[in-house]
Amino acid sequence: ILEAQAMDVPVVATSVGGIIEIIDHEQTGLLVPPKDENALAGAILRLLKDRPLAQRIIVAAKKKLLDHYTLDHMASRTVKVYEEILKMTNILVIKLSSLGDVVLITAALKAIRQKFPEAKIYCLTGKEGKHVLQNCPYLDGVILFDANDRHRGWFGLIKLTRKLRKYRFDKVIDLQNNRKSHLLSYLSFPKESYGYRNAKWGSLLSEGIDDSQQPMAAVPHQFQILNQLGILMPEHPLLELWPSDKEKGYVQELLAAEWLADSKQIVGINIAASAKWQTKNWPLEHMARLCDLLASKGIRVFITGMDKDRALGQQLQTLTKSKPALFIGKTNILQLAALIKTCNVFITPDSAPLHVAAAMHVPTIALFGPTSSVRHVPPAETMVIHEKKLKCTPCYSPRCRIMTHACMQDIRPEEILRSIEQIMGGRES
């Protein structure tokens, strides 16, 4: 095309690929749809019959050619591309697991993007984390760590590091800080690597820092690492999640099926923590009592949980008169985020939905027992913590050693109701 224009020959071409960057239709040539012989013949005949049009196209095409496609111009553009590549920073953030912990890094991802607006930023995470971050506006891509299949064992890790090296990362920010993540950081051969210089092979980091021995929440703990890159924690760091319109639509269908779509006062309750942490769970009898108390005040309730919690949901139904809506096992992580967003208040033990609720900026009541709120409460706009300070807490044990489960038993339904009324009353005023 360029050679024809240089020799003062008008060009007819199909509107595909790079051709549309060279030819401005009706100005420096004529464009026709691909595989359309009639349109092609028509354009050719038009130029043959309309010589003034052909001449205008010849002149305009020659001018564009001299302005944009000389050797010097093309060379300078090529050099500019290389200069931009040299300036570009490739950053890898590592957070392999778990689901709630991946939600907790969203404030850090935003801060990294603000510090490096032109960088290419990727996150290495597991399958659950990939779903959390799939709509994240601060990332250029998510790299999957498949611990149960492709990247299982030493051979799998080596295979993954080969992939990581192809990205030529300048900086690796390890927010996982275990042996596996430190090894992956080291073997990806970055120019710089950041994280905690702990006993879990932290010496492999080029810019590692000593971990504080003081109990600290996850987000400030992450920002201690980011401080090494000149990134300060905002005064009010907030988590984020990004459910799509499709996920929001799915939630509206769920609510409509339970006659909740038009409800003005809705409280959501997460029925349980992970299967490993039964001690985190609030007693079902307390939850049933709270459901009935809320129903007596005209407040609708729905229950969330995972597939493993279906039996608990059925048991809860038998304990209540009000029969709250059960959405247990019916949502993925972003659908759950959209569902929680419809609540006036969300109640949950220390678990991933606690972080999801904080990320959706929904007023949340967090129930803490065997774990410490100081270490595990996420940053949030409205967060009310119910936690009994007993001699045995926090025990960090999946089984109650004194067999009473007093740390969660002592959180009474009536005090949770008072917190709900205070939150909802404050929002209404």
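Mentor: Let's start with a term we'll need: two residues are in contact when they have heavy atoms within 4.5 Å. With that in hand, among contacts in the protein between residues at least 6 apart in sequence, 58% join residues at least 24 apart. Keep in mind throughout that this is a predicted model.

Now to the rings. A pair of aromatic rings is described by the distance of the centres and the angle of the planes. The structure holds 6 aromatic pairs, and we'll look at two of them.

One is made by Tyr-122 and Phe-169, whose centres are 6.0 Å apart, with 70 degrees between the planes, an edge-to-face arrangement. Tyr-122 sits in strand 4 (residues 120-125), while Phe-169 is in the loop between helix 9 (153-165) and strand 6 (171-174), so to speak a link between distant parts of the chain, 47 residues apart. Both Tyr-122 and Phe-169 are buried.

Phe-302 belongs to strand 9 (residues 300-304) and Phe-327 to the loop between strand 10 (325-326) and helix 15 (333-340), so the pair ties together parts 25 residues apart in sequence. Phe-302 and Phe-327 are both buried as well.

Now let's step back to the whole protein. It has 19 helices and 13 strands, and 48% of its 429 residues count as buried. Its C-alpha trace spans about 95 × 55 × 45 Å along the principal axes. A compact globule of 429 residues would have a radius of gyration near 22 Å, whereas this protein has 29 Å. The accessible surface is about 22,300 Å², and carbon and sulfur atoms account for 53% of it. As for charge, there are 55 positive and 43 negative side chains, and the centres of the two sets lie 5 Å apart.

With a relative accessibility of 6%, Asp-146 counts as buried. Setting aside neighbours within four places in sequence, Asp-146 has contacts with Lys-127, His-151 and Arg-152.

Next, find Ala-357 in helix 16 (residues 352-359). Its relative accessible area is 0%, so Ala-357 is buried. Not counting residues up to four places away in sequence, Ala-357 touches Ile-340, Phe-346, Val-362 and Thr-364. Of these, Phe-346 is 11 residues from Ala-357 along the chain, and their C-alpha atoms are separated by 7.0 Å.

Ser-373 is in helix 17 (residues 373-376). At 8% relative accessibility, Ser-373 is buried too. Leaving out residues up to four places away in sequence, Ser-373 touches Phe-368, Ile-385 and Glu-387.

Finally, the backbone has some details to look for. Most residues other than glycine have a negative phi, and most peptide bonds are trans. Asp-8 has a positive phi of about 60 degrees although it is not a glycine. You'll find Asp-8 in the loop between helix 1 (2-6) and strand 1 (12-14), and at 40% relative accessibility Asp-8 counts as partly exposed. Trp-259 also has a positive phi, near 60 degrees. Trp-259 lies in the loop between helix 12 (245-257) and strand 8 (266-270), and with a relative accessible area of 73% Trp-259 is exposed.

For cis peptide bonds, go to the one from Ser-97 to Ser-98, with omega near -15 degrees. Ser-98 is in the loop between strand 3 (90-94) and helix 6 (99-103). Another cis bond runs from Thr-393 to Pro-394, with omega near -10 degrees. Pro-394 is in the loop between strand 13 (383-387) and helix 18 (406-409).

Terms used. Residues are numbered from 1 along each chain as its sequence is written. This is a predicted model: local features need pLDDT of at least 70, side-chain atom pairs count only at pLDDT 80 or more; totals for chains, interfaces and linings use all residues. Side-chain values use heavy atoms; hydrogens and water are left out. Helices (H or I, at least four residues) and strands (E, at least two) are DSSP runs, numbered from the N terminus. The radius of gyration is taken over C-alpha atoms; the globule rule is 2.2 Å times the number of residues to the power 0.38. Buried means under 20% relative accessible area, exposed over 50%, partly exposed in between (1.4 Å probe, protein chains only). Accessible areas come from the Shrake-Rupley method with a 1.4 Å probe; for residues, only the protein chains shown count as cover. Lys and Arg count as positive and Asp and Glu as negative; His and the chain ends are not counted. The place of a charge is taken as NZ of Lys, CZ of Arg, CG of Asp or CD of Glu. Rings of Phe, Tyr and Trp (its six-membered ring) pair if their centres lie within 6.5 Å; planes under 30 degrees apart count as stacked, over 60 as edge-to-face and the rest as tilted.
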